[in-house]
Structure formats: structure tokens, C-alpha cells
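Q: Could you show me how to read a structure like this one, feature by feature, with the general idea before each case?

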Amino acid sequence: MANLLQSDRSFYTTAGILLVGALLAPALVYPVFLMKFLCFALFACAFNLMLGFVGMLSFGHAAFLATGGYVTGYLMTNFGLTPEIGVVLGMLASALLGWGFGALSVKREGIYFAMVTLALAQLVFFFYLQAPFTGGENGMQGIPRGQLFGFINLGDNLNMYYFVLAIFVIGFALIHRTVHSPFGQVLKAIRENEARATSLGYDVRRYKLMAFVISAAIAGLAGATKALVFELESLTDAHWHMSGEVVLMTLLGGMGTIWGPVVGAAIVIAIATIFSGGEMGNYIHIIMGAIFVVCVLAFRRGVVGEFRHFMQRNFQAALSTERT
Amino acid sequence: MAEREMNNNYILETQNLTREFRGFTAVDKVNLQIRNGDIHALIGPNGAGKTTVFNLLTCYLPPSSGTILFNGRDITGIESSAIARQGLVRSFQISAVFPNLTVLENVRIALQQREGNSFHFWKSERVLNRLNQRAEELLDEVGLLSFARVTTRDLSYGRKRALEIATTLALEPQMMLLDEPTQGMGHEDVDRIAELILKVRKGRTILMVEHNLHVVSKLADRITVLQRGAVLTEGDYATVSADPRVREAYLGVSAEEAAA
């Protein structure tokens, strides 16, 4: 258990340092950029819960990001809800959709699972394209950020930033707890050896479905928050490109690691922001593609995974003496 | 022995169990009767359908026809995981462990199954620590206590199989199905696993597929010989090994080896 305690301690130390950094960050960096990053980081973490900790590759997570955004946007625009309620309802809508997706897909494995989720997400995309309330190609514009708890004006970017940071922390903590819970232990067992988990009496499909619902809910939370940040929800979020982008973020950062998706999202968003301004804007997909190829060929564990591997290999001796 | 003979109950029975794969009959009207408390071995040449029978019994495969009774209850076609919860737990031909979890965690996963907190995603995994003591007892039983904190991937093959038995025992199954428990092992490991099986048989029934006839002769109370998917004969080791059909079909050379 020394091992567990130690990894616990290093997690909380890292989290503490990052949180202080995040609280101070708006003094140095444009808050809207930070908020965009936090939304995508949460989205990638939600995706990683399935890919990294259960071994399920969903290729339809865009549907949950978009559903969170559209539902929250619609409710905020038409019913004047406070943002915290709007965001929670968007999240619940995504969870519900995730339950539907999961019920239809968890019986399949590997590439078939990925294809079923992709097909369902395309169905959702075309629904949002046609449905009158989404604004179709124009997107849903002018979503009000509203007043948090009825009295904090989120029109102010700094207030909005801390609201988004709080949501990120809650979502991230929920994922961390899920991974390190009795339920998370079963998920890891399923990832490691599904047939054996079944033979020990676990009804594997129900656990996969549950993981799917949690993942979809948090992806929806990210989408709902993002819609408020930009006061806009568009079809970009529902497009299969978005499902691909979250795979890229997760693999780049390191799947199956708790910080990997956060780092991956930071890299992808930073590159997109740096290059989209200049003349290089047209080449952005080529650059991303090249990075992806290099990542898959040269460092398969992703940034965080490679770092951890490097530390384990070089400092294993030091760590084990410390443990005894 | 006398005690077991008095107990005439069958814990597991099959009636005309049949499985066809696109016209090929892998298992043909097999009637098995496993007595409560026995170690029952299923033997036969390669391709006789032993593993298919195993997969049918634990519902990893649905039978084409026939029924399976466990404790007199029809379990044909129910979920594999539900069968495990009823007390019929199987092992696999290739060692079935969770390689990136520790040895202790492997056993704990099995103990956790009956805790009823396996869907609790909001609780800390520390609640599982109360299972550690029981897990350590089980590891001690199979001689793995000193490896409790080791990542399972790093264990030797023989120890992985021992861990698998400890994990299965954690469910306190009424009946264990062992698929070639000594396959691919050196002499020392074979003996160790055989000892272990004798040790854990107390209070439960074991059905095993086994190629090593030395192990079968040492452990099995009853033996069923399968050939081309059908039951050729059944009986104790002396009866079965004396049967000329068995010698012809299967034991021909191996009988002398086993006797040696």
C-alpha cells in the first residue's frame, strides 16, 4: 500500500500546484483561451475514462459534446435559467443520450463498437442539422451566459473563467474518483481480461454501460460549459471531426493516465490557436496530422505516459528504497 | 471415499448436450453426471470436444440442444456471469489473471464481487482495504503471500496459475471447472498445482480437463473419456485405463508412460 499512498501523494501535489497556477493564470493569459482549453481538457478526460480505463474506443463522443451545448443553449435562451442549472440539465441530457448509445453498443467490441458509436453520432449530427431549434448551419447564436446563482454576472470574462475552472475541477475530480473507486477497480479488471471478469461473476455489459453514461455526462458538461463561454453552439461540435480530435488529444497526452488528456488538450488547443492566426492557418490539419503520426510511431504512450515510463525506468531504484 | 459414495447427489448433470458448428458436431449428445464432492476428469484426444464442453457448461457458448442442470436447476442459456454467482466458477486454458494489477488486487477483485459495492463510483477504493486480510489468507493458502504487492505480469507461469486458483477460491465456489490446470508447466510446478488441487478440493466439486495422465491418476475419482464429441466410457482410473477402446483411442502409448 506504500505504493498507493505514494502515488496518491504525488497526484495531490501535482493537482495542488496546477490549481494554484490555474487560479493565477488569467493574469497572464487571455481568459477565453484558458476557458476553451479547460472545456476541451474536460472533454478529453471524459473520453479517456472509456478508452484509457475500460478499453472502449468510442468514435461518437462529439454527439455528447454537442448535446450538452445545444440543450443548455436552448434552455438558457428560452427559459432564462441560471447558468448552473442550465449546465446541469445539459449534462443530464448527454447522460441520457449516452445511456441510449451505450445500450445499443456495449454488446459489440473493438472496431465494431467504434463503428456503432460513429453511426449513432452521425445520426445525431444530421438531427441537429435539420432540427429547427439548432439554427442548422448558422448555429445557435447569442446564448446568454446569465447570472450565476442569480447574482454573479458571468458576462465578465474573469467571473466566467472561475466558474469554468470550478466546473472543470468538479468534473475532473469525479473522473479521478471513478477511476479510484470500487467501480473503477472492476473497470480495470475488464480492461485487463474481460473473459476472466465475467467468469468471476461480473456482468461486464452493465459495467461498460455505466462507464459510458458517466463519460457521456461529463462530455456533455464540457459541451454545455463551452456553449456558455462562446455564447454559441454550432455543428462543428457534433461533426465526426470532433470525435477524431478528442482521440488525438487523448493519445497525444497519454491514454490511461489521469493527466494525459489535459496535456493533450493543451497541446492541440495551443497549436490550433498559434497557427490559426497566421498564414499557416491553411496547413493546420496537415500539422496536426503530422504530429499524430509522429506520436503514434515514436511515442505511443503519449507525453504523460512516456514521462512516467522514463521516471519509472530511471528512478525505480530510488523509489523502491524510499518505500521500504 | 465411503462418505462420497453414500452421497449420491449429482451437482452437475447434462442431458443430451449437443453443439454443432456449421454442420460439424463438436459435442454430440453428451450426458455427464458429476457427483458432489468428486474430482472428475474429462480426458480425450485432441479435438475430442473437451474445451467446447467447458464452454457450454459455463454458457460461454450456447448449446445447439440439450440441457444443463446445476444443483438440479436448469442453467442452460443464462448469462455466464450469473452462473459464476451461483457458485460454478471456471478457469481458462491460458492463465487468466489481470496482468497490470497487483497479485493482491487480483484476489480482491473476486472478493469484491460479493460486497455489493461494485457500482459505487463515488466511493474511494480504500473501502476495499477491508478485504485485504481475507485476500492475504487466500494467497497464503496457495503460497503466494510474499508476492502480494508484486505486479502480476512479473510472476512466473506456474505462480500465475496458482494465483488463478486463489482468485477462483475467493468466490467460495461450490464447484470449480479447471481447464488444463497443469498445461505447459515443468515437473515441479505440475506437482505443486496437483498438491494445491488436493488441498482446495475440501467441501467442493472439481471438474477438470487434463492431458497429464499422471495428474489424472493421482487426483481424479472419476474419469470421462470423450472421443469425437461423444462419451466413449466412464469410470475410475483403473476401469478406464483397462478399457481396450480407450487404449486404442487415446492411451495406447501414454498408458505405459503414466504407469512408469
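Q: Into which domains is chain B divided?
A: Domain bounds come from an automatic or database domain assignment, and here chain B is divided into domain 1 (2–95 + 175–259) and domain 2 (98–154). The C-alpha centres of domain 1 of chain B and domain 2 of chain B lie 29 Å apart. Please keep in mind that this is a predicted model, in which local features need pLDDT of at least 70 and side-chain atom pairs count only at pLDDT 80 or more, while totals for chains, interfaces and linings use all residues. Residues are numbered from 1 along each chain as its sequence is written, and chains are lettered from A and ligands numbered from 1 in the order in which they are written.

Q: Which residues touch the most other members of the largest nonpolar core?
A: A nonpolar core is a set of buried Ala, Val, Leu, Ile, Met, Phe, Trp, Tyr and Cys residues joined through C-beta atoms within 7 Å, where a residue is buried if 20 or more other C-beta atoms lie within 10 Å of its own, exposed if 12 or fewer, and partly exposed in between, with C-beta atoms placed from the backbone. In this model the largest nonpolar core has 170 residues, and A:Ala41, A:Leu42, A:Phe43, A:Ala46 and B:Ala166 touch the most other members. Helix α9 (residues 204–230) of chain A gives the most to this core, with 17 residues; helices (H or I, at least four residues) and strands (E, at least two) are DSSP runs, numbered from the N terminus.

Q: Why does this core lie between domain 1 and domain 2 of chain B?
A: Both domains give residues to the core, so the core lies between them.

Q: How many residues does each chain give to the contact?
A: Two residues are in contact if their C-beta atoms, placed from the backbone, lie within 7 Å. The contact takes 32 residues from chain B and 25 residues from chain A. On the side of chain B that touches chain A, α3(B) gives the most, with 4 residues.

Q: Which strand does β10 of chain B pair with?
A: Two strands pair if DSSP finds at least two bridges between them. Strand β10 (residues 222–227) of chain B pairs with strand β11 (residues 230–235) of chain B in the antiparallel sense, over 5 bridges. B:Gln227 stands opposite B:Ala230 in β11(B), and in this hairpin, which has 2 residues between the strands, B:Arg228 takes a positive phi near 45°.
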